[in-house]
Amino acid sequence: MWGVGRYGWGISPRGAGYTFGQDITETFNHENGLQFIVRAHQLIMEGYQWQHSNGVLTLFSAPNYCYRCGNQAAIMQLDEHLNRNIVQFDPAPRHQHGVEGKPKPKALPDYFL
């Protein structure tokens, strides 16, 4: 399952999987006794996003994806009572220095261009 759609099942616009609507989420969660589904591997600028009336949570844990997206990342913490806390974080600062204290540009691998 790749993306979240509006209703029912559909083909992902990228052709890389299926989309699913709130009706699918509600049925799946009910039949499996779940409160919500946690999914990943979709860029979310704020690091996380609730969808389908909080039936689906998308987490993205790679800040500044591909060194150029400028996105936050997020993780979900659960305590012993399954209370949840979502923590957002920014990319770590870059501490590379070149000659005379000037920042040293880092070349990106070709596959990121």
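Visitor: What does the side chain of His52 make a polar contact with?
Guide: The side chain of His52 makes a polar contact with the side chain of Thr25, at 2.7 Å. A polar contact is a pair of N or O atoms within 3.5 Å; within protein, one must be able to donate a hydrogen and the other to accept it, and residues adjacent in sequence count only if both atoms are side-chain atoms.

Visitor: What kind of model is this?
Guide: This is a predicted model, in which local features need pLDDT of at least 70 and side-chain atom pairs count only at pLDDT 80 or more, while totals for chains, interfaces and linings use all residues. Residues are numbered from 1 along each chain as its sequence is written, and side-chain values use heavy atoms, with hydrogens and water left out.

Visitor: Where is His52, then?
Guide: His52 is in the loop between S5 and S6. Helices (H or I, at least four residues) and strands (E, at least two) are DSSP runs, numbered from the N terminus.

Visitor: Is His52 buried or exposed?
Guide: His52 is buried, with a relative accessible area of 12%. Buried means under 20% relative accessible area, exposed over 50%, and partly exposed in between (1.4 Å probe, protein chains only).

Visitor: Changing topic: in what order do the strands of the open sheet run?
Guide: The 3 strands of this open sheet follow the order S4-S6-S5, with mixed pairing. S4 and strand S5 (48–51) stand at the edges, each with a single partner strand, so one side of each is left without a neighbour in the sheet. Neighbouring strands are turned by 20° against each other on average, direction ignored. Axes are lines fitted to C-alpha atoms, for helices over the stretch in contact, and angles run from 0 to 180 degrees between N-to-C directions.

Visitor: How many bridges join S4 to S6?
Guide: S4 and S6 run parallel and are joined by 3 bridges; Ile37 has Val56 in S6 as its bridge partner. S5 and S6 pair in the antiparallel sense over 4 bridges, and Tyr48 stands opposite Leu59 in S6. Two strands pair if DSSP finds at least two bridges between them.

Visitor: How many residues lie between S5 and S6 in their hairpin?
Guide: The hairpin has 4 residues between S5 and S6, and His52 in the turn has a positive phi of about 55°. Ser53, in the loop between S5 and S6, also has a positive phi of about 55° although it is not a glycine. At 64% relative accessibility, Ser53 counts as exposed. Most residues other than glycine have a negative phi.

Visitor: Where does Cys66 sit?
Guide: Cys66 is in the loop between S6 and S7, and its phi is near 55°, a positive value in a residue other than glycine. Cys66 counts as buried at 18% relative accessibility.

Visitor: How do S7 and S8 run?
Guide: Strands S7 (residues 73–78) and S8 (residues 84–89) run antiparallel and are joined by 6 bridges; Ala73 stands opposite Phe89 in S8. They form a hairpin with 5 residues between them, and Leu82 in the turn has a positive phi of about 65°.

Visitor: Beyond its neighbours within four places in sequence, which residues is Val38 in contact with?
Guide: Val38 is in contact with Leu57, Leu59 and Met76. Val38 and Met76 are 38 residues apart in sequence and 9.5 Å apart in space, C-alpha to C-alpha. Val38 belongs to strand S4 and counts as partly exposed at 40% relative accessibility.

Visitor: Finally, how many helices and strands does the protein have?
Guide: The protein has 1 helix and 8 strands, which run β-β-β-α-β-β-β-β-β from the N terminus on. Buried residues make up 23% of its 113 residues.

How values were computed. Contact = heavy atoms within 4.5 Å.
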